[in-house]
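Here are some notes to read alongside the structure. Take the points one by one, and keep the view open so that you can find each residue as it comes up.

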Amino acid sequence: MSASQTSAPSSPRPAGPDGAASPRRLLEKLSPVSGARLGDFPVADEAEVRAAVARARAAFPDWRDTPLAGRIEVLGRVKQVLAEQGEHYARKISEDTGKPTFEATMMEIGAVPLLLDYMLRRAPVLLRRQKVSTPIVLPGKSGFIEHFPRGVIGIISPWNFPFQLAVVPVLSALIGGNTVVLKQSEITPIVAGVVEDLFRRIGLPAGVVEIVHGDGSTGAALTRAEVDMLFFTGSVATGRKVMAAAAQRPIPVELELGGKDAMIVCADANLERAAEAAVWGGLVNCGQACVSVERIFVVDAIHDRFVEKVREKVSRVTVGGPDEQADMGPLTSSAQLGIVERHVNAAVAAGAKVVFGGEKLQRPGQFFAPTLLTGVTPEMEIFREETFGPVLPVIRVRDEDEAVRLANASEFGLAGSVWTQDIDKGLRLASRMECGQVSVNDVIQSVGHPALPFGGVRSSGIGRYHGDAGILAFMNTRGIMVDRGFLNSEPLWFPYAGKVSHGFELLKGLTTRSLGSLVKGFLGLAKKRARPK
């Protein structure tokens, strides 16, 4: 538990049947900007989580059976609420996280209508029954594929983008007819109330979205509850626990975990654009994004020029709270501040050079200076582990081949970027990067492309969301085959007597793609398909 989210005294809960009031545990929220107390927030216990899941279960049949057009109409109201309440929501997000209000507006709230519009347009196409081709050996039959909701989805969302990374998975689940129990991070409890307000305002039926507030114990209770799928965004360590809990039943699980995203700067890159991108891509949201630039591989020929450009641009980044309209805010979690300090100090002790920044700022709050490091090597902790802070580690490489090799030498594989003015080369290098999403001459913004699936490989997670995959991730798939029922029997049914030679002929046709053998074998089987009367 971070210093920005500490235990507070319990408050009494409603009296039970025996008249005794049971205590409710509270969490105290402190501002990451000033350290001031922002309020106390309740922690839901196991019984409350089970009750929320039961309400979502009771609401599921009616929501599932609501025609897709009806679900689309309800969910489309999100855009109107955001148009009316967006500024208020953005300021609450900034208060809770410390991030600049512009980032809260564009990257938290602005991403939602963009992704929602795609879902509303694609769901009728993806979720309708689709006919598929049928092989010649199944004459008279038709095949179909359709999708149906999994049921009650348990969603556990993180604190770094607490609005977007809660709302988008919930909408993706709801559009297919699922109901949801959402647990958000205890580090951002104010945003949890904002999300609750949004779903109340769109007029969802009772129980369709249940929100439980609390800490890790609340999330653990949700993983043990009778949900039909778990969707988790967060750390690798907690993701393993969620996966283990899902395996006990077993139920499907999707994990959106960490990253150590690589930026490969080729000798022919537009260095001005690449340097601007490195600074924004590494420092946006104070570096607290799974798709932040965390390793910058620069070929030797342009290394020094690139570093100087980045140093110049980093020096101009302003740091402060939302009211200061700064470029970069504080770290939202004090625990994360400790990790950033440890990574930087260990790298310097191992031989890295601080070109700019490198320390906590001497002011109230959880501010760390935007930091540029050179001389970073694969042996360093800052190369291997996710830093999740405002640090740009630069690694000098001989050439692009070495850059790709080192970029792939990671347990993570979420996103990356390639910087070159030769687009064909950029695409070739992108295809060699072992991660779920790659940009050429851009960074991070691919996450906002509504048609592109998002997710990672290895320790960066399992599954995909956004795009078509983001809708289908919450759906079961059903295959249907239809026969008109005119015949009394089928060639493959009993009896088998006299069919072996015809079966061999049919097998020959299947393996050699010989139409003559297929027809000969099938007709032979057809003649033998029924027992004599």
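**Notes on rings, helices and the whole chain**

1. Let's start with a group of aromatic residues: Phe231, Phe454, Tyr465 and Phe474 are linked into a cluster by ring pairs. Please keep in mind as you look that this is a predicted model.

2. How many aromatic pairs does a search of the whole structure find? The search turns up seven. To describe such a pair, one gives the distance of the centres and the angle of the planes.

3. Now try phenylalanine 494 and tyrosine 496. The centres of their rings are 5.0 Å apart and the planes meet at 70°; because planes over 60 degrees apart count as edge-to-face, this pair is edge-to-face.

4. Next, a pair of helices. Helix α4 (residues 101-109) packs with helix α5 (residues 111-126) at an angle of about 10°, and their axes are 5 Å apart. Angles under 35 degrees count as roughly parallel, which means that α4 is roughly parallel to α5. On the α4 side, the contact is made by Met106, Met107, Glu108 and Ile109; α5 contributes Ala111, Val112 and Pro113. How do the residues of this contact divide by type? Six are nonpolar, none is polar and one is charged.

5. Finally, step back to the whole protein chain. It contains 18 helices and 19 strands, and its C-alpha trace spans about 95 × 75 × 40 Å along the principal axes. Of its 533 residues, 54% count as buried. The chain exposes about 23300 Å², with carbon and sulfur atoms supplying 55% of that area.

6. One last figure concerns contacts along the sequence. Take the contacts in the protein chain between residues at least 6 apart in sequence: 70% of them join residues at least 24 apart.

Key. Residues numbered from 1 in each chain as written. Predicted model: local features only at pLDDT ≥ 70, side-chain atom pairs only at ≥ 80, totals over all residues. Heavy atoms only, no water. Axes fitted to C-alpha atoms, helices over the stretch in contact; angles between N-to-C directions. Helix = DSSP H or I, 4+ residues; strand = E, 2+ residues; numbered from the N terminus. Parallel < 35°, antiparallel > 145°, perpendicular 65-115°, else oblique. Contact = heavy atoms within 4.5 Å. Nonpolar A, V, L, I, M, F, W, Y, C, P; charged D, E, K, R; others polar. Buried < 20%, exposed > 50% of the residue type's maximum accessible area, 1.4 Å probe, protein only. Areas by Shrake-Rupley, 256 points an atom, 1.4 Å probe, with all protein chains shown as cover. Phe/Tyr/Trp six-rings, centres within 6.5 Å; stacked < 30°, edge-to-face > 60°.
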